[in-house]
Amino acid sequence: MAWTKYQLFLAGLMLTTGSLNTLSAKWADMFYAPGCHDDPKHQFAHPFVQAVGMFLGEFSCLAAFYILLCHDKRRPQPKMNAAQSFNPLLFFAPAMCDMTATSIMYVALNMTSASSFQMLRGAVIIFTGLLSVAFLGRRLAANQWIGIFITILGLVIVGLADFVSGHRDDSHKLSDVITGDLLIITAQIIVAVQMVLEEKFVYKHDVHPLRAVGTEGFFGFFVLSLLLIPMYFINVGNFSNNPRQVLEDALDAFCQIGHEPLILLALLGNTVSIAFFNFAGISVTKEISATTRMVLDSLRTLVIWVVSLALDWEKFHGLQVLGFLVLLLGTAIYNGLHRPLLARIPCCAGLVNVEENSPGERERLLSDGQVQAGEDS
């Protein structure tokens, strides 16, 4: 069945905004500008300020939800349920996981390349799968276990590519690259906890996905904004790249933006893109399929890598290509994309039917719609 123009628009919007989200964050990290009190030029290294902007973008999804709700009310037969009864505080714990993981990932993005940053985020399926077994009592299907092991292999290859490139890359020290990669993988454990919490406590209330993302954005934005105050006084030594060597110097960030307005453009790109990315991702799942959303999410890794090479932000490394392909294979097998291919082979058709009827697969199919809503927040 051919896609409609609207479906093509949604797919393009998701791919474009998803790629811009990471690229704009990395672009902001590459600026050098003076700070406050005649400080000399230094790198714009303000991951927590960037995270606040990202949560502002998620928060704006609440506005999108109410706009859609008003539009829906004008229909002869409204489809959206505006009166879902739920306690907004249910979103607080997942939002704190989101806040912590996002902040860690923005710290890591200062230390490694945009393509490695995006590729290593694929580790989330490993921890989500394992935590769903431990805390949700789910049984993973055979293809999911295979997908997890292939993903681990892909992560090792990407890490090895970063280790090799660290000796030839002047933009990042080898120690920073390794630390950044480890921080990204650590953040995926927290993202997996967020997904498990959302599935166990939140999605049984049938909250609209845009409302869910917007509510988590609300909590993340206000809590992290308040945390910027104590961060201004916490000295972390050489771990910080700002002149005062504190955990986050928001005043220095604003001074640098004043001296270099293009930083503001990069930050706005990050904020606006995450809002449209969440909207497009949810719409793709609804209008096309969750599988298409997964494929598009994998494709944006390729877009980020190609654009980074074109802009000379990083150098080409063959191992990284291999790592990306292995990660793509692991993700595809984990999500069952191998089945349509196997079904066309007569000798393998029976194996596909057995796999689809396994208890672990039935549980996965029942929960797919729930897990998808929280993947991009």
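View 1. At 25% relative accessibility, Cys255 counts as partly exposed, whereas Cys36, at 14%, counts as buried. In this predicted model, the two residues form a disulfide, with their sulfur atoms 1.9 Å apart. The link between Cys36 and Cys255 is right-handed, with 95° about the S-S bond. Because Cys36 sits in the loop between β1 and β2 while Cys255 belongs to helix α9, the pair ties together parts that are 219 residues apart in sequence. The disulfide count comes to one.

**View 2. The two sides of helix α9.** Helix α9 spans residues 250-259, and its buried residues are Ala250, Asp252, Ala253, Gln256 and Ile257. These residues share one side of α9 because they cover an arc of only 155° around the axis.

**View 3. The neighbours of helix α9.** Which elements do the buried residues of α9 pack against? Their partners are the strands β1 (32-33) and β2 (42-43), together with the helices α2 (47-73), α8 (209-231) and α10 (262-287). At the start of α9, have a look at Asp249: one of its side-chain oxygens reaches to within 3.3 Å of the backbone nitrogen of Leu251.

**View 4. Two further cysteines, Cys70 and Cys97.** Cys70 has 47% relative accessibility and counts as partly exposed. Cys97, at 13%, counts as buried.

**View 5. The whole chain, for orientation.** Of the 377 residues in the chain, 51% are buried. The accessible surface comes to about 17,800 Å², and 69% of this belongs to carbon and sulfur atoms.

Conventions: Residues are numbered from 1 along each chain as its sequence is written. This is a predicted model: local features need pLDDT of at least 70, side-chain atom pairs count only at pLDDT 80 or more; totals for chains, interfaces and linings use all residues. Side-chain values use heavy atoms; hydrogens and water are left out. Buried means under 20% relative accessible area, exposed over 50%, partly exposed in between (1.4 Å probe, protein chains only). Accessible areas come from the Shrake-Rupley method with a 1.4 Å probe; for residues, only the protein chains shown count as cover. Helices (H or I, at least four residues) and strands (E, at least two) are DSSP runs, numbered from the N terminus. The arc is that of the directions from the helix axis to the C-beta atoms. Contact means heavy atoms within 4.5 Å. A polar contact is a pair of N or O atoms within 3.5 Å; within protein, one must be able to donate a hydrogen and the other to accept it, and residues adjacent in sequence count only if both atoms are side-chain atoms. A disulfide is a pair of cysteine sulfur atoms within 2.5 Å.
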